[in-house]
Amino acid sequence: QVQLAESGGGLVQAGGSLRLSCAASGTIFRIDAMGWYRQAPGKQRELVARITSGGVTRYADSVKGRFTISRDNAKRTVVLQMTSLKPDDTAVYYCAADRVSGISGVRDYRGQGIQVTVSS
């Protein structure tokens, strides 16, 4: 069974920074892409940032220039460094691992979610 463990959320003032980390565990042969989604109250879940095993990144327009995603393939971890945070960044952030090759075949996994709150 593959699990994603998230850490690093919390409360920060506008303009501040937070670092989210996610580690995948279990019997894993390969992870295609890892990333982060977020869902604010009353809004749909949206992609924040994504990084492939080859290091190709993709960001939501709203976070470009403020957030940086990185990944350690050997450790199966992904980190989202968030700077210049705004109240609109307040949401539950979910770690994502796409096309994970494990003993159960290939499937996507999502973490439980971690709260990020940015006060004005």
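Modeller: Let me begin with a disulfide: C22 is joined to C95, with 2.0 Å from S to S. The pair links distant parts of the chain, with C22 in strand β3 (residues 18–25) and C95 in strand β9 (residues 91–102), 73 residues apart. Please keep in mind that this is a predicted model, where local features need pLDDT of at least 70, side-chain atom pairs count only at pLDDT 80 or more, and totals for chains, interfaces and linings use all residues. Residues are numbered from 1 along each chain as its sequence is written, and side-chain values use heavy atoms, with hydrogens and water left out.

Colleague: Why is the link of C22 and C95 called a disulfide?

Modeller: The term asks for a pair of cysteine sulfur atoms within 2.5 Å. The sulfur atoms of C22 and C95 are 2.0 Å apart, so the pair qualifies. By this rule the count comes to one disulfide. The angle about its S-S bond is -85°, and the link is left-handed. Both C22 and C95 are buried, a word that stands for under 20% relative accessible area, with exposed for over 50% and partly exposed in between (1.4 Å probe, protein chains only).

Colleague: How many helices and strands does the protein have?

Modeller: It has zero helices and 11 strands. Helices (H or I, at least four residues) and strands (E, at least two) are DSSP runs, numbered from the N terminus.

Colleague: What makes the protein as compact as a globular protein of its length?

Modeller: Its radius of gyration is 14 Å, close to the 14 Å that the globule rule gives for 120 residues, so the comparison holds. The radius is taken over C-alpha atoms, and the rule is 2.2 Å times the number of residues to the power 0.38. Along the principal axes, the C-alpha trace spans about 45 × 25 × 20 Å. Of the 120 residues, 40% count as buried.

Colleague: Now the charges. Why do E46 and R38 count as a salt bridge?

Modeller: In general, side chains of opposite charge can pair when their charged atoms come close. The criterion is a side-chain nitrogen of Lys or Arg within 4 Å of a carboxyl oxygen of Asp or Glu. For E46 and R38 the N to O distance is 2.6 Å, so the pair meets it. R38 is buried, with a relative accessible area of 5%, while E46 is partly exposed at 34%. R38 and E46 also belong to a network of salt bridges with R66 and D89. A search of the whole structure finds six salt bridges.

Colleague: Which salt bridges does D98 make, with R50 and with R110, and at what distances?

Modeller: D98 and R50 meet at 3.4 Å, N to O. D98 lies in strand β9 and R50 in strand β5 (residues 46–52), so the pair ties together parts that are 48 residues apart in sequence. R110 and D98 meet at 2.9 Å, N to O. This pair links R110 in strand β10 (residues 105–110) to D98 in strand β9, 12 residues apart.

Colleague: Why is D98 called buried?

Modeller: D98 has 9% relative accessibility, which is under the 20% limit, so it counts as buried. R110, at 35%, counts as partly exposed, and R50 does too, at 24%.

Colleague: How do you know that R71 has no salt bridge?

Modeller: The nearest side chain of opposite charge, D32, is 6.0 Å away. That lies outside the 4 Å limit, so no salt bridge is counted for R71, although R71 is buried. Lys and Arg count as positive and Asp and Glu as negative, with His and the chain ends not counted.

Colleague: What does the side chain of R71 reach instead?

Modeller: The side chain of R71, in strand β7 (residues 67–72), reaches the backbone oxygen of I51 at 3.2 Å. A polar contact of 2.6 Å also joins the side chains of R71 and N73. That term means a pair of N or O atoms within 3.5 Å; within protein, one must be able to donate a hydrogen and the other to accept it, and residues adjacent in sequence count only if both atoms are side-chain atoms.
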